[in-house]
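Please look over the sequence and the model before reading on.

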Amino acid sequence: MQAPANTVDPSEIAKFEAMAAEWWDPNGKFKPLHMLNPCRLDYITQQIAGEFECDLAGSRPFEGLRLLDIGCGGGLLSEPMARLGAEVVGADAAEGNLPVARIHAEQSGLDIDYRHTTAEAMAEAGEQFDVVLNMEVVEHVADPLGYLTATQQLLKPGGLEICSTINRNPKSYAMAIFGAEVVMRWLPRGTHEWNKFITPDELFDLLRQAGLNPVDRKGFVFNPILWSWSISDRDLSVNYVTASVKP
């Protein structure tokens with residue numbers, strides 16, 4: 001299956017470039033991601049460890065794995081993956097994010113290959129990875145199937161893709177748009193478009209069409225009383241994550 005030349009939506013890229021300098025400010029415009037990150041990392045590390053039989057008790061359990069963090073932003077996931085021993089490539093179509101990511105990695109003593117590129121360009125160049133992290137990106141692209149096809153092409157046979165996004169229903173509008181952008185002002189208004197959200201069943205269907213085998217899905221649930229996130233086996237009503245394997 002051939003991916004289209006480019007699924008990047010320029011208006012979406014402009015939104016994130018405007019916020020680039022705030023990536024590592026836990027109280028800035030990316031506060032929701034900083035709050036969610038421990039939950040995301042728990043899911044990601046468990047899935048990678050299970051698929052590749054890694055011992056998470058070791059100091060560098062992902063040694064020998066080549067990992068792509070597509071839509072890496074400022075490196076909130078790239079850095080912990082590098083600390084766990086993976087060879088990390090962080091790619092982002094928003095060029096303004098990368099100087100922030102590179103400087104922070106250098107300050108942290110981490111060797112991460114950050115690139116201003118797209119999934120389609122990397123697939124065309126024949127890049128191959130054991131793991132692709134595809135977190136909170138698919139709801140921002142112009143052609144989700146074309147984009148997921150490109151990420152599938154980037155995986156080695158037997159490789160693992162972790163893909164997270166936002167469900168499309170009245171609750172997700174209330175929480176992810178009205179709540180996060182209007183009430184809490186965690187994100188600038190217009191960061192998300194509700195009609196671009198994807199239901200779990202739709203995402204599983206898209207992943208299969210792209211040539212992947214979905215093997216797991218979980219919800220990320222925010223508790224406004226405890227002010228914290230947790231992983232749920234059943235509640236995928238707003239934020240959720242999937243794991244898929246390339247046959």
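Buried means under 20% relative accessible area, exposed means over 50%, and partly exposed lies in between (1.4 Å probe, protein chains only). The model is predicted, so local features need pLDDT of at least 70 and side-chain atom pairs count only at pLDDT 80 or more, while totals for chains, interfaces and linings use all residues. Residues are numbered from 1 along each chain as its sequence is written, and side-chain values use heavy atoms, with hydrogens and water left out.

**Salt bridges in general**
- Side chains of opposite charge can pair when their charged atoms come close.
- The count of salt bridges (a side-chain nitrogen of Lys or Arg within 4 Å of a carboxyl oxygen of Asp or Glu) comes to 13.
- Helices (H or I, at least four residues) and strands (E, at least two) are DSSP runs, numbered from the N terminus.

- Arg-115 and Glu-127 form a salt bridge through their side chains, with 2.6 Å from N to O.
- Arg-115 lies in strand E3 (residues 113-116) and Glu-127 in the loop between helix H5 (119-124) and strand E4 (129-135), so the pair ties together parts that are 12 residues apart in sequence.
- Arg-115 is partly exposed at 22% relative accessibility, whereas Glu-127 is buried at 18%.
- A network of salt bridges links Arg-66, Glu-87, Asp-113, Arg-115 and Glu-127.

**Asp-130 and Lys-156**
- Another salt bridge joins Asp-130 to Lys-156, and their closest N and O atoms are 3.5 Å apart.
- This pair links distant parts of the chain, with Asp-130 in strand E4 and Lys-156 in strand E5 (residues 155-166), 26 residues apart.
- Asp-130 has a relative accessible area of 12% and is buried, while Lys-156, with 31%, is partly exposed.

**Arg-217 and Asp-201**
- The side chains of Arg-217 and Asp-201 also meet in a salt bridge, at 3.1 Å from N to O.
- Distant parts of the chain are linked here: Arg-217 is in strand E6 (residues 213-223) and Asp-201 in helix H8 (residues 200-209), 16 residues apart.
- Arg-217 is partly exposed at 29% relative accessibility, and Asp-201 is exposed at 54%.

**Thr-149**
- Thr-149 is found in helix H6 (residues 144-153).
- The relative accessible area of Thr-149 is 1%, so this residue counts as buried.
- Thr-149 and Gly-211 are 62 residues apart along the chain, and their C-alpha atoms are separated by 7.1 Å.
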